[in-house]
Amino acid sequence: MIKTVNRVLLALAGLVLVVVGGAVLATGLGLSVPSWWPWDGTDDALLSKADRTRWRDEGWWWPTVIAVLAVLVVLALWWLLAQLRRGRLAEVLVDSGDGEGALLRGRALEGVLGAEARALDGVAEAKVALTGRRTAPKAGVRLLMEPHASPGLVLRGLSEGALTHARTSAGLDELPAEARLKAVKHRAERVN
């Protein structure tokens, strides 16, 4: 999701900068421009004094400017925080019993959890993502369920099987997990 938002924001910012820069450059070089073009001479300013002071005396102007700027600041802060947040856990600290500890790759643990979840009866596909801190990971599990699957049995198998095995093998006190179940789309069966 964040990659898509980054690409869209960068594309929009780039497009605006290219259009405005091209317009200013074309006018500054004295190229022939259409009649509707906002600038028509090399001595023109982007905003004339009349344009800059046009709405100052209106009662709605300053609240609108402040509201738009506040929204832009909030969006910029959201985007910055999204960049700093890591999507997945790179490694998990495993207690090796010698006081040192060992590091287990997060992708390896995700792969084992996913394989064990896929082996459950009624699960067509399983995707696992580890988040949180390396000393206290959290698992996000997405299960694609077959039409005949029983969600209760699958969740019990996931909890008592894959998640318990991962927790004990990594030496974790707890491994909180959020499971999302989705049914496989299938065609209706014909009855003759």
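This is a predicted model: local features need pLDDT of at least 70, side-chain atom pairs count only at pLDDT 80 or more; totals for chains, interfaces and linings use all residues.

Me: What volume does the largest pocket have?

Reply: The largest pocket is lined by 22 residues, and Arg85, Gly87, Arg88, Ala129 and Thr131 are those that lie nearest its centre. Its volume comes to about 780 Å³.

Me: Which helices and strands each supply at least two residues of the lining of the largest pocket?

Reply: By class, this lining has 8 nonpolar, 5 polar and 9 charged residues. The elements that each supply at least two residues of the lining are helix H1 (2–28), helix H3 (61–84), strand E3 (123–133), strand E4 (136–145) and strand E5 (177–183).

Me: Where does the largest share of the lining of the second largest pocket come from?

Reply: The second largest pocket has a volume of about 160 Å³, and its lining has 5 nonpolar, 2 polar and 3 charged residues. Among the lining residues are Ala136, Pro137 and Lys138, together with others such as Leu93 and Asp173. The largest share, 3 residues, comes from E4.

Me: How many residues apart are Arg134 and Glu91, whose side chains meet in a salt bridge?

Reply: The side chains of Arg134 and Glu91 meet at 3.1 Å, N to O, which falls within the 4 Å that a salt bridge requires. The pair links distant parts of the chain, with Arg134 in the loop between E3 and E4 and Glu91 in strand E1 (residues 91–94), and the two are 43 residues apart.

Me: Are Arg134 and Glu91 buried, exposed or partly exposed?

Reply: Buried means under 20% relative accessible area and exposed means over 50%, with partly exposed in between. Arg134 has a relative accessible area of 38%, while Glu91 has 29% relative accessibility. Because each value lies between those two limits, Arg134 and Glu91 both count as partly exposed.

Me: What is the N to O distance in the salt bridge of Arg180 and Glu178?

Reply: By the 4 Å rule, the count comes to 3 salt bridges, and the pair of Arg180 and Glu178 is one of them. Glu178 is partly exposed, with a relative accessible area of 44%. The N to O distance between the side chains of Arg180 and Glu178 is 2.9 Å.

Methods: Residues are numbered from 1 along each chain as its sequence is written. Side-chain values use heavy atoms; hydrogens and water are left out. On a 1 Å grid over the protein atoms alone, a cavity is a set of points where a 1.4 Å probe fits but cannot get out, and a pocket is an open set with protein on both sides within 12 Å along at least five of seven lines; lining residues have an atom within 4 Å of a point. Grid points are joined across faces, edges and corners, and a volume is the space filled by probe spheres set on the points. Helices (H or I, at least four residues) and strands (E, at least two) are DSSP runs, numbered from the N terminus. Ala, Val, Leu, Ile, Met, Phe, Trp, Tyr, Cys and Pro count as nonpolar, Asp, Glu, Lys and Arg as charged, and the others, Gly among them, as polar. Buried means under 20% relative accessible area, exposed over 50%, partly exposed in between (1.4 Å probe, protein chains only).
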